[in-house]
Amino acid sequence: MNTQTLQQRIVRYGELIPCRTAFIDTHTPGSDQKENFTIIGAGVSESLDQHVHIHETPGFNIGAAGQPPKCTNSLHTHRTAEVFFVHKGTWRFFWGIDGTDGEFIAKEGDLFNIPTGIFRGFENVGEEYGMIMAVLGGDNAGGGVIWAPHVIKTAEQHGLILAETGRLYDSKKGEKLPNGINPMPLLTAEELAQFPVVSEKDVIPHYVARYLDIKATGNKETIQVLGAQGLLKDRPGFEIDFLQAGQLGLGETYTSNQHEIFMVHEGHWKITVDDETAILAPGDTCAVPPNTTRSIQPNVSGVTGLFLVRSTDDDAGYTQSV
């Protein structure tokens, strides 16, 4: 690891490159101002316009969604885990085939391990541009997004067609499905009937970790937020720890045989990898490869918070059954 290599493994928040044509609801009113970011891995973007900051995947993908107030991400589901934490703003998460089975409001720092096997959407209900970070299980993030049928039908009315290959075609640009390629088939009534109906009491106690609770629980030592021993118990192929000033062991050098992704939420942090040092600011992401020595500690006084995503040997797949 040298200075240049370390810098190449850091994605700065202020240098994130958005894609505004990433998904099928790009032209749908109410969802047409979304910005999608792929920080690590290609994620599940359906557009060739999507910029990928770091192509190497550590068994999971990391992305982000930026949305102005009142902008909605349409109902969809994934085949592998999807875990969000709110970096900026106030967000409403909702779920169910029609988005009416349950909902809750997430504030900055809150983490939501959305159960696989249910449709979900989210909306910026704050007064300013908001940003949420997402971890998607699996190197290929489960192979793509599964959209609620009405999302695909509405998108077609606004010129976008999703092919069975997972790629978008924009009729407003004169694009057509290639010969031999069919549109993405809609889920049948029988398939939709297999999706469970779950309420807030089924989801919130088991899949939501509030930031203030995370900070209070981890005020003296590193706290596992998601994992086999986490506040949220799950094994989706990765685990998530939370670090903050005052915890024992911060700044100590160690070696890991797993990928570790450091995602700063609050404060400025000094990271050292094989004796090379960099400063991470809020919103920055740093991908540290296995079998390197590393240390992390706050660099200035004040409020601090950092999410550490670590690969595990577990298979990427479904979250705990609801």
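Mentor: Helix 2 is followed by G159, which has a positive phi near 100°. This is a predicted model, in which local features need pLDDT of at least 70 and side-chain atom pairs count only at pLDDT 80 or more, while totals for chains, interfaces and linings use all residues. Residues are numbered from 1 along each chain as its sequence is written, and side-chain values use heavy atoms, with hydrogens and water left out.

Helix 2 spans residues 149-157, and P149, V151, I152 and A155 in it are buried (under 20% relative accessible area, 1.4 Å probe, protein chains only; helices are DSSP runs of H or I with at least four residues, strands runs of E with at least two, numbered from the N terminus). They cover an arc of only 165° around the axis, so they sit on the same side of helix 2; the arc is that of the directions from the helix axis to the C-beta atoms. Against these buried residues pack strand 5 (72-77), strand 12 (146-147), strand 13 (160-162) and helix 3 (189-192).

The largest nonpolar core has 32 residues, of which L111 and F238 touch the most other members (a core is a set of buried Ala, Val, Leu, Ile, Met, Phe, Trp, Tyr and Cys residues joined through side-chain atoms within 4.5 Å). A second, separate core has 21 residues, among them I24, F119, L162 and L192.

Key. Buried means under 20% relative accessible area, exposed over 50%, partly exposed in between (1.4 Å probe, protein chains only). Contact means heavy atoms within 4.5 Å.
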